[in-house]
Amino acid sequence: MPEDEPAIDEEDYVETAPLLASDSFYRALSERPRRRVLYYLLEREECSVDELADVLAGWETTTETMVAPDRRRQHELSLVHRHLPLLSDAGLVAYDNESGEVSLATVPEPAKALVRRAIEAETA
């Protein structure tokens, strides 16, 4: 286990096991935009859909050679209609469709570590 990773004690394991055994958790992590949303929320804890769309579009400009001007709007629509509902169903975020506010749910440390590792691997 890397030194910067906290050890998982028995209580953490019992709390984390249902989430890590859940298909919805891995489905939620199966697409890059959702991993990036979770990674961003690990630092901020809450933000708006507009902010997330900006972040995803900006992140894309650092990894792609060219990004179409309407890409931010595409990110916003996919967040609202696809990614945020799936993350919410997995119990990873709380999403209020009316206000457009998104917040990180209570996510156990081992799951947070998995999200961080996935993003680090993506940017390596």
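I took contact to mean heavy atoms within 4.5 Å. Helices (H or I, at least four residues) and strands (E, at least two) are DSSP runs, numbered from the N terminus. I noted that this is a predicted model, in which local features need pLDDT of at least 70 and side-chain atom pairs count only at pLDDT 80 or more, while totals for chains, interfaces and linings use all residues. Residues are numbered from 1 along each chain as its sequence is written, and side-chain values use heavy atoms, with hydrogens and water left out.

Entry 1, helix 3 against helix 5.
I looked up which residues touch: from helix 3, Pro33, Arg34, Val37 and Leu38 meet Leu79, Arg82, His83, Leu84, Leu86 and Leu87 of helix 5. Sorted by class, this contact has seven nonpolar, one polar and two charged residues (Ala, Val, Leu, Ile, Met, Phe, Trp, Tyr, Cys and Pro count as nonpolar, Asp, Glu, Lys and Arg as charged, and the others, Gly among them, as polar). The axes of helix 3 (residues 32-44) and helix 5 (residues 71-89) come within 10 Å and cross at roughly 65°. Axes here are lines fitted to C-alpha atoms, for helices over the stretch in contact, with angles from 0 to 180 degrees between N-to-C directions.

Helix 3 has 13 residues and spans 18 Å from first to last C-alpha, close to the expected 18 Å (1.5 Å times one less than the number of residues). I listed its buried residues as Arg34, Arg35, Arg36, Val37, Leu38, Tyr40, Leu41 and Leu42. Buried means under 20% relative accessible area, exposed over 50%, and partly exposed in between (1.4 Å probe, protein chains only). Just after helix 3, Glu45 has a positive phi of about 75°.

Apart from neighbours within four places in sequence, His83 contacts Glu31, Pro33, Arg34 and Ser78.

Ser24 lies in helix 2 (residues 23-29) and counts as partly exposed because its relative accessibility is 24%. Ser24 and Leu87 are 63 residues apart in sequence, yet 8.5 Å apart in space, C-alpha to C-alpha.
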